[in-house]
Amino acid sequence: MKFMRLPHQQRFPWNLDWNLLRMFMVVVEQRGISKAADFLGLKQPTVSAALKRLELSTGRTLIIRKPNEFTITRAGQVLYTECATIFGSISQLPALMDVDNTDLRGHLSIAITSYVISDHFDDFLNRFSKAHPNVTYSFTVSESDEVETAISQNRASCGICLLSKAPKNLDTMVLYREYFGLYCGARHPLFNVADIKPKELEGEPFVAFQTEAEGGPLEAIAHLRARLGLANTWRGVSSSLNEIRRMIMANIGIGALPVHVAQQDVIAGHIRQLPPYEDLPMVNIYLISNPARRQSEADAVFLTALAKELSAIDIAERTYGPEPTPS
């Protein structure tokens with residue numbers, strides 16, 4: 001019996017060495033062949049040869065490699081996005097196949113931004129883990145845009161992060177809301193001043209989150225600083241709340257923190273809240289998931305139960321702060 005010869009595009013997935021896709025994804029994420037080789041435990045020529053083979057197979061230049069230059073081409077970016085999606089689907093297979101037991105089993109991978117502090121979420125995790133003791137968990141801390149990308153690429157069960165705008169391809173729900181206040185550290189001259197007037201903050205150096213830029217999820221903080229007349233440019237910047245906290249306490253500059261998160265440091269005498277104490281910026285923290293993901297049973301039960309619980313709690317109860325501490 002003779003088989004019809006498949007056209008080139010239909011032969012492509014049969015002829016392609018799929019291991020090349022994994023190597024290419026790592027090269028892109030590590031931003032270089034040497035770093036990718038170290039990550040994979042391979043020699044640099046092996047990875048370089050694999051990339052050349054993939055470019056021959058696709059008929060496209062995927063990465064421009066020159067001294068002091070590493071540029072992903074448009075074709076390379078398209079391929080990387082698809083590779084990441086394939087990787088996410090394959091990573092689900094163990095959980096999808098774990099259906100032989102009566103008790104709920106599986107693994108929940110949660111991509112989360114730093115310093116997500118929510119009593120409601122922690123209480124839910126406590127009850128869910130007690131009800132399903134055979135479910136395991138992993139939490140990966142990343143910047144909010146990286147969390148969104150991980151969920152879009154199907155690389156985690158769900159994500160918790162800030163959003164500049166609601167992504168069209170993802171399901172979103174407000175997990176909680178928080179207010180941001182301005183703080184100085186104990187080393188700052190204003191720390192022991194009895195009654196601070198907003199005018200005294202004019203020209204003060206400040207530290208900022210990277211997402212405070214125009215159009216970012218924390219843009220409202222930048223508007224607050226502008227209204228108070230703080231310095232024109234930041235003196236320190238970070239994507240990590242903990243590092244913003246560090247710079248405030250080191251007196252690199254005044255900075256914004258979620259009021260309910262900062263309260264413990266205020267009580268301990270490490271930092272002090274500065275005016276204003278009313279009309280503070282309010283920010284949503286979102287739970288996001290990918291409706292295109294083929295959910296494992298653990299994914300489905302977890303997300304359904306969490307969404308049901310959040311829907312039953314008024315958003316006012318899931319809004320933390322403000323709790324001003326002017327003294």
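Let's start at K35, which is found in helix α3 (helices are DSSP runs of H or I, at least four residues, strands are runs of E, at least two, and both are numbered from the N terminus). You're looking at a predicted model, where local features need pLDDT of at least 70, side-chain atom pairs count only at pLDDT 80 or more, and totals for chains, interfaces and linings use all residues. Residues are numbered from 1 along each chain as its sequence is written, and side-chain values use heavy atoms, with hydrogens and water left out.

K35 has a relative accessible area of 52%, so it is exposed (buried is under 20%, exposed over 50%, partly exposed in between, with a 1.4 Å probe and protein chains only).

Now look around the rest of α3, residues 33–40. Its buried residues are I33, A36 and A37. They sit on the same side of α3 because they cover an arc of only 100° around the axis (the arc is taken from the directions from the helix axis to the C-beta atoms). On the other side of α3 you'll find K35, D38 and F39, which are exposed. What do the buried residues of α3 pack against? The partners are α2 (19–30), α4 (44–58) and β1 (63–66), with contact meaning heavy atoms within 4.5 Å. Just after α3, G41 takes a positive phi of about 75°.

With a 30 Å³ cut-off, the count comes to 2 cavities of 30 Å³ or more. On a 1 Å grid over the protein atoms alone, a cavity is a set of points where a 1.4 Å probe fits but cannot get out, a pocket is an open set with protein on both sides within 12 Å along at least five of seven lines, and lining residues have an atom within 4 Å of a point. Grid points are joined across faces, edges and corners, and a volume is the space filled by probe spheres set on the points.

The second largest cavity holds about 30 Å³, and α2 and α4 each supply at least two residues of its lining. That lining consists of L20, M23, F24, V27, V47, A50, L51 and L54. By class it has 8 nonpolar, no polar and no charged residues (Ala, Val, Leu, Ile, Met, Phe, Trp, Tyr, Cys and Pro count as nonpolar, Asp, Glu, Lys and Arg as charged, and the others, Gly among them, as polar).

The largest cavity has a volume of about 210 Å³. Of its 18 lining residues, T113, S144, L162, F209 and S239 lie nearest its centre. β6 gives the most to this lining, with 3 residues, and the lining as a whole divides into 10 nonpolar, 6 polar and 2 charged.

F209 also takes us to the aromatics. The structure holds 5 aromatic pairs (rings of Phe, Tyr and Trp, with its six-membered ring, pair if their centres lie within 6.5 Å; planes under 30 degrees apart are stacked, over 60 edge-to-face and the rest tilted). The rings of F180 and F209 have centres 6.2 Å apart and planes at 85°, so this pair is edge-to-face. It links distant parts of the chain, with F180 in β6 (171–185) and F209 in β7 (207–209), 29 residues apart. F180 is buried at 3% relative accessibility, and F209 is buried at 7%. Elsewhere, F124, F128 and F302 form one aromatic cluster.
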